[in-house]
Amino acid sequence: MINEMYVSNFPQPIIVQVNGVELEVFEAGKQNVGNPIVLCHGFPEHAFSWRYQVQSLVDAGYHVIIPNQRGYGNSSQPTEITQYDIIHLTGDLVALLDHFGYEDAVFVGHDWGANVVWHLALLHPKRVNKIINLALPYQERGEIPWLDLMEAIFGEDFYFVHFNRQIGVADDIMNKNTTRFLHNIFRKNVPLTPPEPGMLMINLAQKENSLGEPLMQESELSVFITAFEASGFTGSINWYRNMDRNWHIMADIIPIINHPTLMIYGLKDTIPENENLKNIAPNLDVIRLDCGHWIQQEKPEETTQAILQWLRQQND
């Protein structure tokens, strides 16, 4: 019953026109206007991935704004791959602030959403008040473009590389196996095992069963399935297809983030911690939760309390 409640109580969306696209936005706590917090989802997710945090943030006095970012849900899906680069993705969030009449906001990101929030703080620092990122620490730009580096380390089947080198192949397989793919990727308590041969996302779309336990109940998962059955995966995958473009865009940007920053890691996540993050974000606090990658859904209460406690400390 509790999970059904989160499905039925999630805010109804509005469609807003920003930055040349339409974004599907879920809004709660309008009575708290003037105190915005923007929640940014990752891949392959949806604004609904923040369902457990919404009411507590509203109760704490926040105007909660959760976009389905471009390529997701009922938001626009531009056909040009370059329309998903970091300039466009951060520009959407800036334009979203403008739409609601805000100069800045607290930004919370998970996975790819975290990547966008890190870059938002670098490209538009005055529009960010505080940062809370989950799962993905800032990824430092090296001397070699991202795809060449990843291919050299992980090989041509690594999904970042495959998405770029074989455009359309994974999209087609994932689109044909949407339910199976989402069932298999949204898991918890997954044992750490050596990677299987082949491309991870294609494997997840085709295999009968996946390791670990289901992350969510069917009523919750159906929200994701319905969204991706309608949108397909190409828009969301196109974020990956701008890795090298983003590498060039950020060439002259000094990676120092002075905003108050909270990084939340999952101890069982396969994404490693960035040991150098304190040098990039000197006003950094770190929290580690006993979970995998889907932090705010796997440990909803702990995540919500970590966020609220940190925000209270910052506001004292």
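## A buried loop residue: Leu-215

Leu-215 is buried, with a relative accessible area of 8%; buried denotes under 20% relative accessible area, exposed over 50%, and partly exposed the range in between, with a 1.4 Å probe and protein chains only. The residue Leu-215 sits in the loop between strand 8 (213-214) and helix 10. Helices (H or I, at least four residues) and strands (E, at least two) are DSSP runs, numbered from the N terminus.

Leu-215 and Phe-186 are 29 residues apart along the chain, and their C-alpha atoms are separated by 5.4 Å. Not counting residues up to four places away in sequence, Leu-215 touches Phe-186, Arg-187, Lys-188, Trp-294, Gln-297 and Glu-298. Contact here means heavy atoms within 4.5 Å.

## Basis of the description

This is a predicted model, in which local features need pLDDT of at least 70 and side-chain atom pairs count only at pLDDT 80 or more, while totals for chains, interfaces and linings use all residues. Residues are numbered from 1 along each chain as its sequence is written, and side-chain values use heavy atoms, with hydrogens and water left out.

## Annotated domain

The UniProt annotation "domain: AB hydrolase-1", from an unreviewed entry, covers residues 35-300. UniProt positions are given in the numbering used here, feature names are shortened, and annotations may be inferred rather than shown by experiment. Over residues 35-300 the chain is 40% helix and 15% strand, and the end C-alpha atoms are 22 Å apart.

## Nonpolar core

The largest nonpolar core contains 103 residues, of which Phe-107, Ile-132, Met-174, Leu-182 and Met-201 touch the most other members. Such a core is a set of buried Ala, Val, Leu, Ile, Met, Phe, Trp, Tyr and Cys residues joined through side-chain atoms within 4.5 Å. In soluble globular proteins, nonpolar side chains tend to be buried together.

For Ile-132, the contacts, not counting residues up to four places away in sequence, are Val-106, Phe-107, Val-108, Gly-109, Leu-262, Ile-264, Ile-307, Trp-310 and Leu-311.

## Helix packing

Within helix 8 (residues 178-185), the buried residues are Thr-178, Phe-181, Leu-182, Asn-184 and Ile-185. These cover an arc of only 165 degrees around the axis, which puts them on the same side of helix 8; the arc is that of the directions from the helix axis to the C-beta atoms. The buried residues of helix 8 pack against helix 7 (169-176), strand 7 (187-188), helix 9 (200-206) and helix 10 (218-231).

Helix 3 (residues 86-100) packs against helix 4 (residues 112-123) at an angle of about 80 degrees, with their axes 9 Å apart. Helix 3 and helix 4 are therefore roughly perpendicular to each other. The contact involves Ile-86, Ile-87, Leu-89, Thr-90, Leu-93 and Val-94 of helix 3, together with Asn-115, Val-116, His-119, Leu-120 and Leu-123 of helix 4. Axes are lines fitted to C-alpha atoms, for helices over the stretch in contact, and angles run from 0 to 180 degrees between N-to-C directions. Angles under 35 degrees count as roughly parallel, over 145 as roughly antiparallel, 65 to 115 as roughly perpendicular and the rest as oblique.

Asn-68 is found in strand 4 (residues 63-68) and, at 0% relative accessibility, counts as buried. Leaving aside neighbours within four places in sequence, Asn-68 is in contact with Leu-23, Glu-24, Phe-26, His-41, His-46, Ala-47, Gly-73, Asn-74 and Ser-75. Glu-22, in strand 2 (residues 21-28), is partly exposed at 34% relative accessibility.

Val-54 belongs to helix 2 and is buried at 7% relative accessibility. Val-54 and Thr-304 are 250 residues apart in sequence and 9.0 Å apart in space, C-alpha to C-alpha. Leaving aside neighbours within four places in sequence, Val-54 is in contact with Phe-10, Pro-11, Ala-28, Val-64 and Ile-66.

## Backbone exceptions

Most residues other than glycine have a negative phi, and most peptide bonds are trans. A cis peptide bond joins Phe-43 and Pro-44, with omega about -10 degrees; Pro-44 lies in the loop between strand 3 (36-40) and helix 2 (54-59).

Asp-111 is not a glycine, yet has a positive phi of about 60 degrees. Asp-111 lies in the loop between strand 5 (105-110) and helix 4 and is buried at 10% relative accessibility. Ala-135, also not a glycine, has a positive phi of about 80 degrees. Ala-135 occupies the loop between strand 6 (128-134) and helix 5 (146-154) and is buried, with a relative accessible area of 1%.
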